[in-house]
Each structure stands twice: as C-alpha cells, then as structure tokens.
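Here are my notes on this one, written as numbered points. Have the model open while you read, and start with the question just below it.

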Amino acid sequence: MNRRNFIETVTLGFATATSVFSGSIPASAATSARWSNRLHTDNEFSADVVIAGGGLGGCAAALAALRVNLRVVLTEETDWIGGQISQQGVPPDEHQWIETHGATQLYRDFRTAVRNYYIRNYPLTDEARNRKHLNPGDGAVSRLCHEPRVAVAVLQDMLAPYQSTGQLTLLLEHKIVSADTTGDRVRALKALSLRSGKEVVLTAPYFVDATELGDLLPLTKTEFVTGTESKKETGELHAPDKADPTNQQAFTVCFAMDYVPTLNGKPASHLIEKPAEYAFWQKFIPQLTPAWSGKLLDLTYSSPTTLDPKQLGFHPEGIPTGSALNLWNYRRLIAKNNFKPGTFLSDITVVNWPQNDYFLGNLVGVSDKEFKKQVDRGKQLSLSLLYWLQTEAPRPDGGQGWPGLRLRPDIMGTEDGMAKYPYVRESRRIKAVFTVLEEHVGAANRALITGQKTGNTAADFYDSVGIGYYHIDLHPSSRGNNYIDFGSLPFQIPLGALLPQRMENLLPANKNIGTTHITNGCYRLHPVEWSIGEAVGHLAAFALQKNVIPRTVREQKPLLEEFQNRVRSSGIDTNWPKA
C-alpha cells in the first residue's frame, strides 16, 4: 500500500469511527450489514480499534469495544486466545472475594460460563454439578481451576456473535512486526502471519497494546521502562538502591501431567527421554540474595514471605503430605472425584512451581534469537523437573521417583507438552501520566505514609476506572533477587496509569500499564488484567465519541465523571465496598 493510500485510509477510519456515535447507537442485531461493508482488502484491515494481543486484557478490551458497536481487529501470536489462562497454562490467581465482588461483571460472567461449560459437557457427579461454586480441579491456588482449552472455548463463545457479523476480525497466529507513527500518533501496524508468512496492514483511530511483553511500545516509540526502579526514583520501601532495567522476574514454561501407574492391570512407566540439560539442572543451585534453600530441583524452597527454607510435599494421588503443601494439589486442573467414576484415570495438575521458575535470562528487550534461546532453556528446566519427579523425587515409602507420572501434551495443545507461550510475570511498562507506587497499595509502605498501624486502605484515586486485589508477589529475578512478597491493600486502577505521557492513540491493556517493578506484582494477575483491558476498551470508545484524546478525559472533570459513570453502568466497580 503506498503512502498516500495509507494516509487516506487512516483518515477514513477516523470518520467512520466517529460516525458510529452520531445520534443513537444502533442495536447490535441491526448492524450486520454495516460490518459487512467495512474496509478490508487482502492485505489491509481497517477498524475503529486494533488490539494486539489476545490475552485476558485484549479479549476484555475487545468485548468492551464490541458491546458499544465499535469495529475491532484483534491479533494473537499463538493459536489460542486467553493469554495466561490458556496459552500459558495458568489457572486464575484470584482474591478471596472474587465470587461476589472485586472484579467486573463481565469477568464474573466469564467465570460463570466456565462452570456452565463443565456442567453442560462433562459427566460431573451429582454433588459437583449442584455445587454453587464448582471448582473442576479443586486446586489450592484458585476457586476455579480448570483446563486451558475450556477458557479458550468460553472466550470464543463470547466473541463468536461479533465474528459472525463481521464486527470483529480475529487474526490468530499473527505477530505485530512494525508500526507507522507520525508525531504522537500511531497510524498503522503491520502484522505477520506466522503460518503463511503473509503481511497485513492494520489501521484504526486507536491501538491497544495487550501483548504479553508490551511489544508495541518500542515499535511505536512509546516511552517505557523495564526492570527495577531505584529507591531514589520511587521512594518505595522495597525498591533497590540502584535501578536495573535488566533485572526482571522469572518466567515459567508450564506443563500438565497426570498419574497413571498401571494400565490394564500392569505397572506402567511414562518416563520421558532424559532432557539434554538435565545434568545442569539436576545440580543447579540458584545464586540469589538472600540465599536460596539449596538445589532448585528439590522439595525445599525459600519461603516467599520469610525467605527461610520451607518444606514442600509431593504425592500424585493427592493425599495429605503432613503439614507441607502437596504440590500435586496446588494447581490441579481436574480432580477426578468431581466426575463420574471412569471419566478420568487420574487427577490432572499443571506445574507452575518454584522449581521451574526460570531466571537465567530475560524475554523483554532481547532479539528473537535470544528470546527463543531463553524459552528453550526454560523448557529444558521444566522437562528436567518432570524427569526428576519421575526418577529421583523422594517418596513417602522411602523410594525415589514416580515413573507413573505422564506428560499431557493434549492439555496444553502442543506436541512437546509445554505451554504454547511462557508464563510472563513482567513486561515493558509505559511511562504513564500517573504511576502506581508501593506507597499507594503496599500495606507496610502505606502505614509509613499515613502513620496508622492498622485500618489502612489503599490510596483513593479520583480517576479510578476499576478495582482489584492481590498481594505483591515478585518471583526470583534475573539479576539474583530472591522472592519479594508482602501484603498489599485492595486497590483501584487509576485512569492515569493507562495513559502514556506522550502518545495520543495507543493504550496499554496488560502488564504494561503505569506501575513499577514492585507494584506490577499485584496488578499482573488474571482479574486485574481483565479489568484493565475492559476499561481501556471503553476508554477508546468514549474518546472517539467525544472526539478527544484519552488524556483529556482525565484532565476535564465533567468528562471524567461521565466516563466513570459509563464504566460503572457497564458493570465495572470503581470503588471497593465500604467495610
């Protein structure tokens, strides 16, 4: 596409988007003809909003925009939407109030749909089927542990009506490779099909970076930070004295396994081939400060809160392991006793444990070659952990190894059994209009600021567009920090943290918002990512309707109040209930 046609298309996109809101917004059922006439050619897609990244933030942003009749192009690098809950294999990490409040209504609708999917399609026991809050895996980490593919199916169901009418274009296995910017605006993105090698141009008035690593930020020359900020920069209680952009949290390549020690009445072994790097990982002792408890492949680890050595248990039949947490039950996706006898040979659990956290290299700010190298090494660590469990892990009977452990590639939808994408805890982060600091949400730091030892609440943000909660949870880092894990307070999501300082039509919708290395530790989890994305989808629509840039929405009190009323009316709480 030549430059003149490119500019004309972008301009037309602005006009089309604005016209959506002239007069009354048409009902979805009456819009299919309009969507069928949208600006699509073989090598170009035009919409009101282009969203890069089909994780929870990207899907939530898309749904919010679609529900107010915007046209959306959503790209996803893998063949599964859902991000951390699907392609990365991690069941939702949520807070204790999730069943009633502390997340958007749309997120709770998603959770209900997951439960209903099992009720409709699986042979549950009567007890499980009638349980008010069904948890298919009964995992210790979440009130809703479930298989990745179920999350994919539910999200696809939620998006399907918009795809059928043409309002949504979903481009799976597409990676954004370049951007065209002019001044403070993004004009277009170029996406590469990882399957065919074909490139397509994506144009829109608004672009959303919902990628796992904040990929659009360097491509669009949006200012961003990585790694750790210094205490001098942020004043945070737990910040280091020296900033380090390369000091990033571990990532994890997750996998699923079950336990089938016998088949057809005979002992069965599912021993995998000895991993190429097993000799390295078998002896590996993390060099962290404060010191790790010993070897990484062991049932002792550093307690995240005290950093003292702490014992873990492991028994693949799910039975208690004394006072120690049985890792088998930690992130269990399927508890076979929730299903009629014979449905499953075993429980199925996902392995996202301290033992397969990979912190010997980074994924952010590296070349494609280095990215692949580090992911491959992360896979070797996970395979080595499985091999160790099969051959060397201590058993309660005094023996070693559980050869009945079976890798389940079908659960992750891959040939090698590893998740489609590494579980990412840290991304590039925009330099935002407002940055959330530890003093705003950290329990101890907040107490220092307020002078109160008890009864503290998180900072009250006048521009709140959502709420969330999780403790501040930072895993060991690539520059040798051990866990940083401490209490936070139920918090708000400030609009200012969703606004780049300079760029006018690019918005973040994942772990790339205006947080610090420290506060990202509580804003990075599933329901918060969803809330961020949903707010961003509404923000793009509102800015288009009012013909203003998003920063103006925050700067002008009447606009901000109107926008907050709009998100609240859509089921997004902006304040926690009063105690």
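Does Asp244 count as buried or exposed? At 17% relative accessibility, Asp244 counts as buried, since the cut-off for buried is under 20%. Bear in mind throughout that this is a predicted model.

1. The Asp244 salt bridge. Asp244 meets Arg479 side chain to side chain in a salt bridge, at 2.8 Å from N to O. The two ends come from distant parts of the chain, 235 residues apart: Arg479 sits in the loop between β23 (472-474) and β24 (484-486), and Asp244 in the loop between α8 (231-234) and β11 (251-252). Arg479, with a relative accessible area of 55%, is exposed, whereas Asp244 is buried.

2. Glu212 and Lys511 meet at 3.5 Å, N to O.

3. The whole structure has 32 salt bridges. One of them joins Glu99 to Arg111 at 3.0 Å, N to O. Glu99 lies in the loop between β4 (72-76) and α4 while Arg111 is in helix α4, so this pair ties together parts 12 residues apart in sequence. Both Glu99 and Arg111 are buried. Shared partners put Glu94, Glu99, Arg111 and Arg115 into one salt-bridge network.

4. The sheet. Five strands make an open sheet in the order β5-β4-β3-β9-β26, paired in parallel. β5 (168-172) and β26 (506-508) are at the edges with a single partner strand each, so one side of each has no neighbour in the sheet. On average, neighbouring strands are turned by 15° against each other, direction ignored. Zooming in, β9 (residues 206-209) and β26 run parallel and are joined by three bridges, and Val208 stands opposite Leu507 in β26. Helix α16 (residues 526-546) packs on this sheet, touching β3 (49-52), β9 and β26, and its direction makes about 160° with that of β26.

5. Aromatic pairs. The count is 27. Tyr122 and Phe339 form a tilted one, with 5.9 Å centre to centre and 55° between the planes. This pair spans 217 residues, from Tyr122 in the loop between α4 (105-121) and α5 (126-129) to Phe339 in the loop between β17 (332-334) and β18 (348-351). Tyr122 and Phe339 are both buried. Phe314 and Trp328 have planes at 70° and ring centres 6.2 Å apart, so that pair is edge-to-face. Phe314 is in the loop between β16 (309-311) and α10 (327-330) and Trp328 in helix α10, so the pair ties together parts 14 residues apart in sequence. Phe314 counts as buried at 3% relative accessibility, and Trp328 at 0%.

6. Clusters and charges over rings. Ring pairs link Phe251, Phe280, Trp281, Phe284, Tyr358 and Phe359 into a cluster. Arg377 lies over the face of one cluster member, Phe280, at 5.0 Å from the ring centre. Take a look at Arg395 as well: Arg395 lies over the face of Trp402, at 4.0 Å from the ring centre.

Conventions:
Residues numbered from 1 in each chain as written. Predicted model: local features only at pLDDT ≥ 70, side-chain atom pairs only at ≥ 80, totals over all residues. Heavy atoms only, no water. Pairing = 2+ DSSP bridges. Helix = DSSP H or I, 4+ residues; strand = E, 2+ residues; numbered from the N terminus. Axes fitted to C-alpha atoms, helices over the stretch in contact; angles between N-to-C directions. Contact = heavy atoms within 4.5 Å. Phe/Tyr/Trp six-rings, centres within 6.5 Å; stacked < 30°, edge-to-face > 60°. Buried < 20%, exposed > 50% of the residue type's maximum accessible area, 1.4 Å probe, protein only. Lys NZ or Arg CZ within 6 Å of the ring centre and 35° of its normal. Salt bridge = Lys/Arg side-chain N within 4 Å of Asp/Glu carboxyl O.
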